[in-house]
Amino acid sequence: MRALVKTAPGPGLELIEVARPTCGAKDVLVEVTHAAVCGTDLHINRWDDWAASTLHPPVTIGHEFVGVVVEAGDQVLHVAVGDRVVGEGHIVCETCRNCRAGDGHLCRNTVGIGIHRDGGFADFIAFPATNAYKVPDSVPDEIAAILDPLGNAVHTALSFDLIGEDVLITGAGPIGQMAAAICRHAGARHVVITDPSPARLATATRMGADLAVSPGEEGLRDAMSTLGMVEGFDVALEMSGQQAALADIVATINHGGHVGLLGLFADPPRVDLTEAIFKGLTIKGIYGREMFDTWYKATAMLESGLDIGAVVSHRLALSEFADAFDLLERGDASKIVLDVRI
Ligand code: NAD
Ligand code: ZN
């Protein structure tokens, strides 16, 4: 079968022929139809410090994918051949304290599909059936392929009471854009989003943001006054991984506000948190998706009118992966869905 593989340490990826994975007693074997490229895949392609210290080539990459189950192990009960499934990309240990308490997203022994073990940019992938999530028929393949990052946005946004609240999202990458749609869908009063990229701001507006502005306290204060906000944002979702965005949040959030931190900082952020103390902020770090409540919430919202279609900017074939990576590196794309069948 074909697979997009990091064959050896160093930059680049190769689409090569590899053996089809075997399906263990607790696994499903999935024939992948669509996959999507994540920022993590760009790090792996570039082979930055994080990738070099995390991956052990050869490894097939990709953790955002959808496909059809073609084989299920003897001990698999809840998934059957023919089911259309996505894979939760975090395989958890099921034995640590948090796993045993039902909080798999807090597992301290997480193994990443497409990072620590072979992923979904391939004709077939085998993974534990407990990580398979059946997709409702009403969710099209290209949206199913991006349920993983949608889940990041859902997990972050729904960590807080949004109804009637004023929400600030810093970072209008695909996850910030989807978060704007979720906050609107979940009943926020005002949704303001920041990003230096006008194109990304325009998409965020299409997806539900009331105002999309350049980063910086001054612009945010103007936005607040345009919307008639007097006190500050009630909820802030950090989705850029930039220190400057954290400063914008601390400056403009109301006393008693809630902050979700999803963005990953390339360098440790240096931010004076004294104001966060005086303001009595609640700050929550977000990793991955809650298993599997986030998945139920995400698909239930899609079935009840949440529209994230605008986040998919390009559709390409797996064989065109190099073009997809170039488009994303240049910042000329949002989500790119790859058709793995061609
Ligand atoms: P992305 O890199 O496409 O988007 C980040 C956006 O932030 C870009 O559009 C960029 O222009 C913008 N930005 C840069 N400086 C800014 C500033 N000062 N203020 C506001 N915006 C600014 O990333 P994405 O795929 O949308 O993911 C969002 C973040 O979440 C990334 O940092 C990613 O690494 C992280 N992430 C975390 C998890 C997790 O489990 N915690 C999972 C997935 C992604
Ligand atoms: Zn665990």
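Colleague: Which residues are the protein donors of the zinc ion (ligand 2)?

Modeller: Bear in mind that this is a predicted model. The donors are the SG atoms of C93, C96, C99 and C107, and they lie 2.3 to 2.4 Å from the zinc ion (ligand 2).

Colleague: How are those donor residues spaced in sequence?

Modeller: The spacing is C-x2-C-x2-C-x7-C.

Colleague: And what is the arrangement of the four donor atoms around the zinc ion?

Modeller: Tetrahedral, because the angles subtended by the four donor atoms run from 103 to 119°. The criterion for that label is that all angles lie between 85 and 135 degrees.

Colleague: Is C96 buried or exposed?

Modeller: C96 is buried, because its relative accessibility is 9% and the cut-off for buried is under 20%. C93 has a relative accessible area of 23%, so it is partly exposed.

Colleague: What about the six-stranded sheet, parallel or antiparallel?

Modeller: Parallel, and open, with the strands in the order 13-12-11-14-15-16. The edges here are strand 13 (211-213) and strand 16 (282-285), and since each has a single partner strand, one side of each is without a neighbour in the sheet. On average, neighbouring strands of this sheet are turned by 15° against each other, ignoring direction.

Colleague: How many bridges pair strand 15 with strand 16?

Modeller: Four, in the parallel sense, with strand 15 spanning residues 253-261. K284 in strand 16 is the bridge partner of G260.

Colleague: Which strands does helix 8 touch?

Modeller: Helix 8 (residues 217-226) packs on that sheet and touches strand 11 (166-170), strand 12 (190-194), strand 13 and strand 14 (233-238). Its direction makes about 165° with that of strand 13. Helix 9 (residues 243-252) also packs on the sheet, touching strand 11, strand 14 and strand 15, and its direction makes about 150° with that of strand 15.

Colleague: On to helix against helix. At what angle do helix 1 and helix 12 pack?

Modeller: About 105°, with the axes of helix 1 (residues 39-46) and helix 12 (residues 321-329) 11 Å apart. That angle makes helix 1 roughly perpendicular to helix 12. The contact involves D41, L42, N45 and R46 from helix 1, and F325, L328 and E329 from helix 12.

Colleague: How do the axes of helix 5 and helix 11 cross?

Modeller: At roughly 100°, coming within 9 Å of each other, with helix 11 covering residues 293-303. Helix 5 and helix 11 are therefore roughly perpendicular to each other.

Colleague: Which residues of helix 5 meet helix 11?

Modeller: L147, D148, L150, G151, V154 and H155. On the helix 11 side they meet T294, W295, K297, A298, T299, M301 and L302.

Note on methods
Residues numbered from 1 in each chain as written. Chains lettered and ligands numbered in written order. Predicted model: local features only at pLDDT ≥ 70, side-chain atom pairs only at ≥ 80, totals over all residues. Heavy atoms only, no water. Donors = N, O, S within 2.8 Å, 3.2 Å for Na, K, Ca; no water. Tetrahedral: all angles 85-135°; square planar, octahedral: opposite > 155°, others 65-115°. Buried < 20%, exposed > 50% of the residue type's maximum accessible area, 1.4 Å probe, protein only. Axes fitted to C-alpha atoms, helices over the stretch in contact; angles between N-to-C directions. Helix = DSSP H or I, 4+ residues; strand = E, 2+ residues; numbered from the N terminus. Parallel < 35°, antiparallel > 145°, perpendicular 65-115°, else oblique. Contact = heavy atoms within 4.5 Å. Pairing = 2+ DSSP bridges.
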